[in-house]
Amino acid sequence: MIRFILLCVPLALLLARSVRADGWVIETFAGNGQKGSRGDGGKATEAQLDNPFGVVRGPDGAIWFCEYSGQRIRRVAQDGTISTIAGNGSAGYSGDGGQALLASFNLPHEIRFDRAGDLYIVDMNNHVVRKVNMKSGTISTLAGTGKPGYSGDGGPADKAQFTQPHSIQFGPDGSLYICDIGNHVIRRIDMETKTISTFAGTGKPGATPDGAPIQNTPLKGPRSIDFDRNGNLWLATREGNQVFKFDLKAKTIQHVAGTGQSGFTGNGGPAKQAALKGPKGLALDNEGNVWLADTESHSVRMIRESTGNLELIAGTGEKGDGPDGDPLRCQLARLHGIYVDTDGSVFIGDSESHRVRVLRKK
């Protein structure tokens with residue numbers, strides 16, 4: 001019996017591996033694993049990074065990311081060289097009206113570009129969203145007063161208050177959506193009028209029933225958002241440990257993944273029956289698959305659109321700084337940012353490994 005079990009376990013693991021991450025390879029895209037800020041002007045893989053979070057491809061073809069505790073926005077050009085675009089490296093709230101390189105941030109969390117090619121930054125601990133005009137290089141505050149709170153709906157966004165905003169994304173209509181996590185709501189800015197409103201959430205944490213209306217339904221820690229190819233909004237909740245789809249035509253919320261309990265179970269099975277562990281990043285690919293930075297399980301997990309199953313793609317479940325190659329042998333360390341490129345490659349802000357990694361198909 002013992003011999004039978006020993007023979008079967010490797011086979012089971014092999015089968016599980018082929019189902020979960022077959023055909024993927026993980027590589028270091030930026031960072032040498034050392035925390036710091038050196039390396040500008042040289043190869044990104046030889047540079048020091050300081051807690052990379054949100055990552056995205058810019059309209060210039062470069063990969064951009066924010067350094068949460070490094071207080072900077074950095075850019076990796078198509079030739080692989082790295083530079084700093086915004087932030088002087090010190091924590092603070094200064095620089096509006098001047099060059100972005102001279103500005104101070106206080107834990108920048110995520111970045112996005114609008115249709116005009118300008119850069120938007122969630123400056124989390126300053127409780128604001130800031131904008132860099134990429135033609136002039138100047139920085140300004142788009143939304144928030146710099147003081148925590150929950151106010152301003154119906155008025156100008158720069159007079160409103162947030163409490164530790166996290167994720168942002170532009171919707172199909174050009175509006176900017178913001179995860180106002182401290183207030184347990186998603187806010188929306190009409191970019192033509194700069195008027196702000198509450199899109200979802202009640203201001204108090206609570207359960208989000210499957211099929212509930214978007215309006216007047218509680219959310220629990222709305223952390224990360226993205227839009228799918230059909231224009232629907234997707235949300236990962238940090239404290240709620242769940243994933244939801246907001247059907248903007250039906251105006252309802254659909255429960256897609258997570259039991260609501262914190263854990264690292266259910267890989268290979270129905271996503272609704274799986275346990276997530278503090279998901280803090282979410283991105284949609286062109287096929288409708290949902291990619292998660294499941295932060296506290298130190299893993300990348302994916303909800304496959306065709307089956308509704310949750311698959312483990314990268315990480316071991318244990319915190320570490322793993323080697324390039326097999327993603328299921330590569331330990332990650334409290335990853336936050338995740339971005340799916342047009343070719344299907346998946347970029348990861350592997351935060352406490354101080355690296356940006358990329359998953360590519362073999």
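Which strands each supply at least two residues of the lining of the largest pocket? The views below take up this question and others, using a model that is predicted.

**View 1. The largest pocket and the strands that line it.** The strands that each supply at least two residues of this lining are strand 2 (52-57), strand 6 (108-113), strand 10 (165-170), strand 14 (222-227), strand 18 and strand 22 (337-340). The space in the largest pocket comes to about 640 Å³, and among the 28 residues that line it, those closest to its centre are R112, Q169, D226, F227 and Y339. Sorted by class, the lining of the largest pocket holds 12 nonpolar, 7 polar and 9 charged residues.

**View 2. The second largest pocket.** This pocket has a volume of about 270 Å³, and 18 residues line it, of which W234, K245, V256, G288 and E305 are the closest to its centre. Strand 17 (residues 252-257) gives the largest share of the lining of the second largest pocket, namely 3 residues. The lining of the second largest pocket is made up of 7 nonpolar, 5 polar and 6 charged residues.

View 3. The strands follow the order 18-19-20-21, and their pairing is antiparallel. Strand 18 (279-284) and strand 21 (310-314) are the edge strands, each of which pairs on one side only, and from one strand to the next the twist averages 25°. Strands of a sheet pair through backbone hydrogen bonds, in either a parallel or an antiparallel way.

**View 4. Strand 20 beside strand 21.** Strand 20 (residues 299-303) is joined to strand 21 by 4 bridges, and the two run antiparallel. At I303, the bridge partner in strand 21 is L310.

Methods. Residues are numbered from 1 along each chain as its sequence is written. This is a predicted model: local features need pLDDT of at least 70, side-chain atom pairs count only at pLDDT 80 or more; totals for chains, interfaces and linings use all residues. Side-chain values use heavy atoms; hydrogens and water are left out. Two strands pair if DSSP finds at least two bridges between them. Axes are lines fitted to C-alpha atoms, for helices over the stretch in contact, and angles run from 0 to 180 degrees between N-to-C directions. On a 1 Å grid over the protein atoms alone, a cavity is a set of points where a 1.4 Å probe fits but cannot get out, and a pocket is an open set with protein on both sides within 12 Å along at least five of seven lines; lining residues have an atom within 4 Å of a point. Grid points are joined across faces, edges and corners, and a volume is the space filled by probe spheres set on the points. Ala, Val, Leu, Ile, Met, Phe, Trp, Tyr, Cys and Pro count as nonpolar, Asp, Glu, Lys and Arg as charged, and the others, Gly among them, as polar.
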